[in-house]
Amino acid sequence: MDMNFKQQALEGWQKYFPTTEKPIGVFYSDELCGAEYPAKPADNPRGYTCIFAQLAKIHQGKALAFDRENIGCFGAFQTIFGGEYHEEATVKLLCEIERFKINREQTNLMHDINPKAQPTGHYIIFKPLELLTESDCPEIFVVFAKPDVISALHTLSSFDDTRVDNVIVPFGSGCEGMLSFPMEEARKENPRVVLGGMDTAMRACIKDNLQLFSMPSIRFQRMVANMDASFLNTYIWQGLRKRVEKQ
């Protein structure tokens, strides 16, 4: 990662979003890259542990690494590392337990349509912006933020893009919204950003006033470059910022 850009991003974030958690760089690597490797969660009655629960230390500023051995959810495993589609388990979960899909056909069609993992390393690394080093290469940046900040990021991402669907809200699991869709976008010439945190099942694993905003690295770089020239320097954001900081 370019250290000059990192400094620019940190300064811009502190200037406009000082009470919001720093963006988290996400990337694959064959090395731990200084990240902590959490133990696999113990078995529980639900049969899985949501990866958003496993990411709790991220909100304390820690870097975390996961591989095929320590992910606690078969859905997150498939989202991040691919592999066999567990049709029966997925259909039972989505149709009978969570009731997010009406039938097997809809569940299987969603699996066919949604992005497939393309891991390029043994681990997937989640690393807060301030901990990223020159040798790290984030594919996407993920932000956990309050609605007012999400609104600002949504607007900033469209500052230099006229597409009405520049920010997409695709249907899928929480980890697909955070990772699969934005990583698929990151492979495109002009990627879109993804509003996440819409999976009702994962909402209990994050604070109730947060949503996710996942940005391909190239889009995040453009957003940082545009900060000072944008609405963030006007009365519009200055008023909302005060409300964010009081919450």
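Visitor: What volume does the second largest pocket have?

Guide: About 220 Å³. A pocket is an open set of 1 Å grid points where a 1.4 Å probe fits, with protein on both sides within 12 Å along at least five of seven lines; lining residues have an atom within 4 Å of a point. Its volume is the space filled by probe spheres set on the points, which are joined across faces, edges and corners. This is a predicted model: local features need pLDDT of at least 70, side-chain atom pairs need 80 or more, and totals for chains, interfaces and linings use all residues. Numbering starts from 1 along each chain as its sequence is written, and side-chain values use heavy atoms, without hydrogens or water.

Visitor: Which residues line the second largest pocket?

Guide: Among them are T19, T20, E21, H59, F144, A145 and K146. The list also includes I206, K207, N209, L210 and V244. By class, this lining has 5 nonpolar, 4 polar and 3 charged residues. Asp, Glu, Lys and Arg count as charged; Ala, Val, Leu, Ile, Met, Phe, Trp, Tyr, Cys and Pro as nonpolar; the others, Gly among them, as polar.

Visitor: And the largest pocket, what lies nearest its centre?

Guide: T79, G172, S173, C175 and E176. They belong to a lining of 46 residues. The volume of the largest pocket is about 830 Å³.

Visitor: How does the lining of the largest pocket divide?

Guide: Into 23 nonpolar, 18 polar and 5 charged residues. Elements that each supply at least two of its residues include α3 (74-81), α4 (87-97) and α7 (174-186). Helices (H or I, at least four residues) and strands (E, at least two) are DSSP runs, numbered from the N terminus.

Visitor: New topic. How many salt bridges are there?

Guide: The count comes to 14. A salt bridge puts a side-chain nitrogen of Lys or Arg within 4 Å of a carboxyl oxygen of Asp or Glu. One joins K57 and E36, at 2.8 Å from N to O. K57 sits in the loop between α2 (51-54) and β2 (64-66), and E36 in the loop between β1 (24-29) and α2, so the bridge ties together parts 21 residues apart in sequence.

Visitor: What about R222, which partner does it bridge to?

Guide: D160, with the closest N and O atoms 3.0 Å apart. R222 is in helix α8 (residues 217-226), while D160 is in the loop between α6 (147-157) and β5 (167-168), 62 residues apart. Shared partners join D160, D161, R163, R219 and R222 into one network.

Visitor: Are E185 and R192 buried or exposed?

Guide: Both E185 and R192 are buried (under 20% relative accessible area; exposed is over 50%, partly exposed in between, with a 1.4 Å probe and protein chains only). They form a salt bridge too, with the closest N and O atoms 3.0 Å apart. K57, by contrast, is partly exposed at 37%.
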